[in-house]
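Please look over the structure below before reading on. The briefing that follows takes up a few of its features, topic by topic.

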Amino acid sequence: MEHSDFRALLGRYQRGECTAEEQRRIRAWYDGLGAEQQLDLDAEERAALLATVWQRIATQTTGRLPTVASAVPAASRTNRTWPSSLAWAAAAVLVLGTGLTGVYLSRNAVSTPEGEPARSTAAAWVVHTNPTARPVAVALLDGTLVTLAPASSLKYPRRFQGPQRTVYLTGEGFFDVFHDAAHPFLVYTDQVVTTVLGTSFTVRAHAGQPSVVVRVNTGRVRVAPRSRAAGTPANAPASVVVVPNQQAVYSAARQQLRRELVAAPVLLAPQPFVFDNRPVAEVLAALEKAYGVSIAYDAAAVRNCTLNLSLGSEPLFKKLDIICEALGATYGKADGRILFHSRPCLPE
């Protein structure tokens with residue numbers, strides 16, 4: 001999304017014209033404006049944000065707009081209530097008024113990775129380094145929110161320009177990307193590049209670690225090695241698409257990119273896991289829907305198999321253990337899928 005488009009979205013939010021999803025996106029973005037972050041905003045942007053900040057202070061304390069709002073351009077005023085904390089507003093005022101440590105404009109401190117041409121002048125880049133022992137939120141002006149882990153750095157342009165939104169990560173960061181199909185969001189590390197349209201995911205790429213891990217929370221991303229070095233196996237995938245409860249793992253030493261399930265898949269779509277003599281295929285389909293995973297099995301082998309059981313809040317793999325124990329079956333994992341193996345059942 002172009003910078004002007006996001007400013008328009010801010011305006012719609014202040015006028016109460018956003019959808020529920022747009023409201024969630026804007027609130028999350030504003031919540032990322034912590035005291036560690038300094039934003040390089042023009043006068044109009046600062047006025048609009050300051051108007052919103054003062055309104056939030058007022059609605060949290062007196063329930064009405066403060067007199068300072070009269071100093072803000074009329075187009076920036078609003079009667080909309082912002083359901084958030086006074087601490088947020090105080091921190092945002094501090095950001096707008098002073099700008100603290102942690103973020104700085106960079107002319108040459110962090111170079112663009114080799115092989116990736118700079119898309120703007122060096123003076124337009126911002127580098128945010130997190131030297132603290134806790135995660136730090138970084139709000140980008142396109143609406144993307146990045147939670148930067150300790151000992152991690154993010155390099156990004158003050159304003160995205162051109163057909164792509166490109167940032168560079170060292171360490172670990174959780175990205176909640178503002179959806180913009182016309183301007184894909186790319187995260188570069190030393191070893192891989194992750195391309196998304198609108199999603200949330202974690203990239204872990206600490207210096208000196210043998211592998212880069214990209215784990216998806218929502219949506220889908222494409223992960224590809226930065227380059228295919230000599231000796232890369234001929235059957236090695238050029239890229240992999242990763243969806244929720246999957247992760248891509250790249251080993252530079254082995255020149256290997258693989259897709260796998262996360263260690264503890266989360267429930268994505270709750271299902272009633274109560275089965276009264278139901279076909280095994282139906283049980284497996286319920287697990288697929290609930291966790292967004294693909295389960296491969298021999299349909300002919302389980303055609304006559306039924307299950308009578310009730311599953312609760314057990315993790316996915318515990319549920320599979322219970323099913324396998326009831327059937328005398330087994331399962332494995334490969335390429336982000338579950339491979340379910342069962343002996344044929346005799347017809348009743």
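Just after helix α6, G328 takes a positive phi of about 70°. This is a predicted model, and its chain of 348 residues has 45% of them counted as buried.

**The chain as a whole**

- Among contacts between residues at least 6 apart in sequence, 53% join residues that are at least 24 apart.
- The chain exposes about 16900 Å², and carbon and sulfur atoms supply 54% of that area.

**Helix α6**

- Helix α6 covers residues 316–327, and its 12 residues reach 17 Å from the first C-alpha to the last, which is close to the 16 Å expected at 1.5 Å a residue.
- The buried residues of α6 are L316, F317, K319, L320, I323, C324 and L327; they lie on the same side of the helix, because they cover an arc of only 150° around its axis.
- On the other side of α6, the residues E325 and A326 are exposed.
- The buried residues of α6 pack against β14 (256–261), α5 (280–291), β17 (306–310), β18 (330–334) and β19 (337–341).
- C324, one of the buried residues of α6, has a relative accessibility of 7%, and it therefore counts as buried.

**Helix α5**

- The end C-alpha atoms of α5 are 17 Å apart, which agrees with the 16 Å that its 12 residues should span at 1.5 Å a residue.
- The buried residues of α5 are V280, V283, L284, A286, L287, A290 and Y291; an arc of only 155° around the axis holds them, so they sit on the same side of α5.
- What covers these buried residues of α5 includes the strands β15 (274–279), β16, β17 and β19, together with helix α6.
- After α5 comes G292, whose phi is positive and near 65°.

**The disulfide**

- A search of the whole structure finds 1 disulfide, and this disulfide joins C305 to C345, with a distance of 1.9 Å from S to S.
- The pair links distant parts of the chain, since C305 lies in the loop between β16 (294–296) and β17, whereas C345 lies in the segment after β19, 40 residues apart.
- A disulfide is a covalent bond between the sulfur atoms of two cysteines.
- The link of C305 and C345 is right-handed, with 100° about the S-S bond.

**The nonpolar cores**

- The largest nonpolar core has 29 residues, and L140, L154, V167, F175, F185, F201 and V223 are the ones that touch the most other members.
- A second, separate core has 26 residues, and among them are L261, V280, V283 and I323.
- Helices α5 and α6 both contribute to this second core, for V280 and V283 are buried residues of α5 and I323 is a buried residue of α6.

Notes: Residues numbered from 1 in each chain as written. Predicted model: local features only at pLDDT ≥ 70, side-chain atom pairs only at ≥ 80, totals over all residues. Heavy atoms only, no water. Core = buried A, V, L, I, M, F, W, Y, C linked by side-chain atoms within 4.5 Å. Buried < 20%, exposed > 50% of the residue type's maximum accessible area, 1.4 Å probe, protein only. Contact = heavy atoms within 4.5 Å. Areas by Shrake-Rupley, 256 points an atom, 1.4 Å probe, with all protein chains shown as cover. Helix = DSSP H or I, 4+ residues; strand = E, 2+ residues; numbered from the N terminus. Expected span 1.5 Å × (residues − 1). Arc of directions from axis to C-beta. Disulfide = S-S within 2.5 Å.
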